[in-house]
Structures are given as C-alpha cells and as structure tokens.
Amino acid sequence: IYDKRVYVSQYYGKRVTIYTVNGNYIGQFGNSGTTSKTINTPSGLATSLINKDVYVCDWDKGVVFVYTDNLKYKSNFGKGKLSHPQDITVTAERIYVLDQGNPCVHIFNTDHSYSHSIVSRGTGGQVQHSAFFTLDIQDNILISDHDRHTISVFTQDGRLIHEIGKGSDMFYQPVGIVIDDMNRIIIMDRKEETPLKIF
C-alpha cells in the first residue's frame, strides 16, 4: 500500500494490479512476453518515496522492472547479476533485492548500478532458503528462512546479530515479513494453527 493505492503482484496472472484502498480498480501493468519490457513472473514489489516509481521483481527473467506511478514502463536492471529475485525494498539511498536463486541480498545504488552483496547460503549464520525480508528502524535486514525456520537479523555489512526462533518450534515455514508503524515485526507462517505472529 502506498499513496492510497494497493499494489497486488500476481505471479500466475503475470501482472501487477492496482486498486484504491476501498477496493476500486485503477489499472494494471505487465503481461507475459519475451521482450525486455514485459513482466513474466512478478514477485516482490516496492515503491520509491522519492519519485513514486514502482519496482517489480521478475522471478524468471532475473531482473527488476521499474514503472512510473502512471503505470508506464521506465527501465529494468539486474540482468546478469540477479538469478531469481524474490523481494525488494527501496530506500532513499539504496535498493535491496533478495535473490532466491542465489540466496543473498544484492544492494544497488539509486541509479540502478550494482553496489555489493551480503549474506549467502550456508551454515554458520547464513541463510538456507530465504523467502522475504524487510528493514527495521536501524536498517538491519530481517530475512525469513524456510529451511532454518527462523528470522535472521543482519547488519548492513552482513553480520548476523540475532535469529528469532532458533532452536525452537516457533516457526514452521516463515514467509512474509513486515514491520508496522508501531515497530512491531509481523510474520506470516505456513502453519495453519498460528499463521500470523507479531513481535
């Protein structure tokens, strides 16, 4: 939700649909195709607070598409660097992209040039199967991990500082994660009995 709009990424529908907060249809963009300007499998999306551009990860094409707030194609980036981009967060200084194909967080500059990557697959404080992520008010990176059943918290330089749920049955398969205006961590878990957890 941004600027009184609700953006819905439809992976199987191969498009992003926009509604008002009251549920009225505004429009959509993206259709399946092979050209560099068409979305094939949209996953995570984010909006820029600077210019209202909409950033959409395309899982199959391995790029991030950029659209204007009036739904016009603008550009794409990440080809050759991203494998299967799953989630994205845009700040005033950086663009963070969670890559499921090569579990790590790629960091881009606001001009879409590549900066560096942090976090990788493995043991000893790294992720196994990253799902989604978010940033907290200290700009720490919180990543939900299917296989380790945890939420891993990393600093901006990739240092692990905490694992929520480690060594317990707190999570089954944590997926979606956000932090609300009250600084609460809200996690969607694939556990039927308790699918939503708030910290």
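What is the volume of the largest pocket in this structure? About 1000 Å³. Before we look inside, a quick word on what we have here. This is a predicted model, so to speak of local features we need pLDDT of at least 70, and side-chain atom pairs count only at pLDDT 80 or more, while totals for chains, interfaces and linings use all residues. Residues are numbered from 1 along each chain as its sequence is written, and side-chain values use heavy atoms, with hydrogens and water left out.

Okay, the pocket. The search runs on a 1 Å grid over the protein atoms alone: a pocket is an open set of points where a 1.4 Å probe fits, with protein on both sides within 12 Å along at least five of seven lines, and lining residues have an atom within 4 Å of a point. Grid points are joined across faces, edges and corners, and the volume is the space filled by probe spheres set on the points. The general idea is that rolling a probe the size of a water molecule over the atoms shows where empty space is left.

The largest pocket is lined by 32 residues, and the closest to its centre are Leu45, Ile88, Thr89, Thr134 and Val178. Which strand gives the most to the lining? That's E4, with five residues. At least two residues each come from E1 (5–10), E4, E8 (85–90), E12 (130–135), E16 (174–179) and E17 (185–189). When I say strand, I mean a DSSP run marked E of at least two residues, numbered from the N terminus.

Next up, charges. Side chains of opposite charge can pair when their charged atoms come close. How many salt bridges does a search of the whole structure find? Five. The rule is a side-chain nitrogen of Lys or Arg within 4 Å of a carboxyl oxygen of Asp or Glu.

Here's one of them: lysine 74 with aspartate 53, where the closest N and O atoms are 2.6 Å apart. This pair links distant parts of the chain, 21 residues apart: lysine 74 sits in strand E7 (residues 73–77), and aspartate 53 in the loop between strand E4 (42–47) and strand E5 (54–58). Are the two partners buried or exposed? Buried means under 20% relative accessible area, exposed means over 50%, and partly exposed is in between, using a 1.4 Å probe and protein chains only. Aspartate 53 is buried at 4%, whereas lysine 74 is partly exposed at 45%.

Now find glutamate 163. Its salt bridge with arginine 148 has the closest N and O atoms 3.0 Å apart. Glutamate 163 lies in strand E15 (residues 160–164) and arginine 148 in the loop between strand E13 (141–145) and strand E14 (150–154), so this bridge ties together parts that are 15 residues apart in sequence. Glutamate 163 also meets lysine 166 in a salt bridge, at 3.4 Å from N to O. Because they share partners, these salt bridges join Arg148, Glu163 and Lys166 into one network. Look at the accessibilities too: glutamate 163 is buried at 13%, arginine 148 is partly exposed at 23%, and lysine 166 is exposed at 58%.

Now the surface. Met188, Leu196 and Ile198 make a nonpolar patch of about 280 Å². A patch takes residues with over 30% relative accessible area and no salt bridge, joining like charges within 9 Å and nonpolar side chains (Val, Leu, Ile, Met, Phe, Trp, Tyr) within 5 Å. The areas come from the Shrake-Rupley method with a 1.4 Å probe, and for residues only the protein chains shown count as cover.

Last stop, the backbone. Lysine 14 has a positive phi of about 60° although it is not a glycine. You'll find lysine 14 in the loop between E1 and strand E2 (15–20), partly exposed at 26%. Histidine 112 is not a glycine either, and has a positive phi of about 80°. Histidine 112 is in the loop between E10 and strand E11 (114–118).

Definitions and conventions: Helices (H or I, at least four residues) and strands (E, at least two) are DSSP runs, numbered from the N terminus.
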